Amino acid sequence: MKIKLNGKIIDIRAIWIENKQKGIVKMIDQRYLPFRIVFFESKNVDETAWAIKNMVTRGAPNIGVAGAYGIYQAVIEAINKEDFLKHIMKKAEILKATRPTAINLSNIIDEVLDFIYKELEDGVSKTELIERVYNKVESIAKREIEANHKIGEIGKKLIKDGDDVLTHCNAGALAAVDIGTALAPIRYAHYEGKKITVYVNETRPWLQGARLTAWELEMENIPYYLISDNASGLFMYKGIIDIVIVGADRIAMNGDVANKIGTYKLAVIAKENNIPFYVAAPLTTFDPKIPSGDKIPIEERSPEEILYVLGYDDETNSLRKVRISLNTSKVLNPVFDITPFKYIDGIITEAGILRSQADIKNAVKNFMRKRD
Ligand code: MRU
């Protein structure tokens, strides 16, 4: 993604390996955007797990790659330990538990673990294994970015010149290493010269729309309006929105989608108003073990996210966290919801637009066959 840093435009990913030998992973610290561009350096797998849990880095495909990098760090750490494999497996469980809904995390960690088992079975030395795991995790990151580009190429055809596009949360480069999933068709349509306007839901409680999607669009001069979550129904009712595109954190085999809380309401309102509703996600977001959405675990996060907001105080030029309700309020904070497949016109993936359960089954089967 292109960002402005110290007066220069640079191309940057949301996360990368900064130092291969030491296993240092660097990421844009998303807790401070759009107010400050701060980088977070993780020196070991525990710090990477902490960063995922605490939203330093976030978004399903992005934390999948963070998980892969965490396993690479665990392999480096384990090299002098007697319980080599046990150490890696213990850290894999810690990483997986950080965000329970986004399946990319477990899917990608399991992919790297399977790779490690195979290499060890083939008698590869531990030192050689570090090199091979490095190549594996970097090839996964590359594959995820390529998938996003394909999603952009395929999805841009759904967006017409002059369209008003509604999106929710942040399914951009920050959430998917680079380019994004829902933001990929939007970026590609814009690069092609289509005059589009994006309606960005602010996305309470963590405000991924206001903080991150608005920032990404601003960085690339893509026209947008930031709107309150509650306003999107009105814009759909008035016939202003032409298409809705969102990301996904886990997709069941029947096509039900877990995504940021509030997605379900959007899909129902879109259907009511005959507005096409699309989900954009790489194939690592599908869960072959989950038949339907009701089986997807929904992550609950801290009441703090509802009770407090972090904002920029223009008077003191500083960041401030303020409480917006009674500190005695009891809070419920589920951060994802389930959108049944019947409300979804198609799932834009790197393998094409999936419009039926048969499409999903085939695409997931082919992906897993190619991957193994
Ligand atoms: O809690 P977050 O910010 O990690 O949630 C992110 C989302 O819900 C995104 O829509 C989803 O991960 C898709 S990102 C390409």
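**Entry 1: the model.** I am working from a predicted model.

**Entry 2: who surrounds the ligand.** I looked up the neighbours first. I found 18 residues around the ligand. The closest are Arg58, Arg99, Gln208, Asn259 and Lys260. By class, the shell holds eight nonpolar, six polar and four charged residues.

Entry 3: For Arg99, a polar side-chain atom lies 2.7 Å from an oxygen atom of the ligand. Lys260 also places a polar side-chain atom 2.7 Å from a ligand oxygen. For Asn259, I noted 2.6 Å between an N or O atom of the side chain and an oxygen atom of the ligand. I count these as polar contacts because the cut-off for such an N or O pair is 3.5 Å.

**Entry 4: where the shell comes from.** I traced the shell back to the fold. Helix α2 (60–78) supplies at least two of its residues, and so does strand β11 (257–260). Both domains take part: domain 1 (2–149) and domain 2 (154–371) each give at least three residues to the shell.

**Entry 5: cis peptide bonds.** I turned to the backbone next. Most peptide bonds are trans. I noted two exceptions here. Leu33 and Pro34 are joined by a cis bond, with omega about 0°. Pro34 is in the loop between β4 (24–28) and β5 (39–42). Arg204 and Pro205 are also joined by a cis bond, with omega about 5°. I placed Pro205 in the loop between β7 (197–201) and α7 (208–219).

Entry 6: Most residues other than glycine have a negative phi. I found that Asn6 has a positive phi of about 50°, though it is not a glycine. Asn6 lies in the loop between β1 (2–5) and β2 (8–11).

How values were computed
Residues are numbered from 1 along each chain as its sequence is written. This is a predicted model: local features need pLDDT of at least 70, side-chain atom pairs count only at pLDDT 80 or more; totals for chains, interfaces and linings use all residues. Side-chain values use heavy atoms; hydrogens and water are left out. A residue is near a molecule or strand if one of its heavy atoms lies within 4 Å of it. A polar contact is a pair of N or O atoms within 3.5 Å; within protein, one must be able to donate a hydrogen and the other to accept it, and residues adjacent in sequence count only if both atoms are side-chain atoms. Helices (H or I, at least four residues) and strands (E, at least two) are DSSP runs, numbered from the N terminus. Ala, Val, Leu, Ile, Met, Phe, Trp, Tyr, Cys and Pro count as nonpolar, Asp, Glu, Lys and Arg as charged, and the others, Gly among them, as polar. Domain bounds come from an automatic or database domain assignment.
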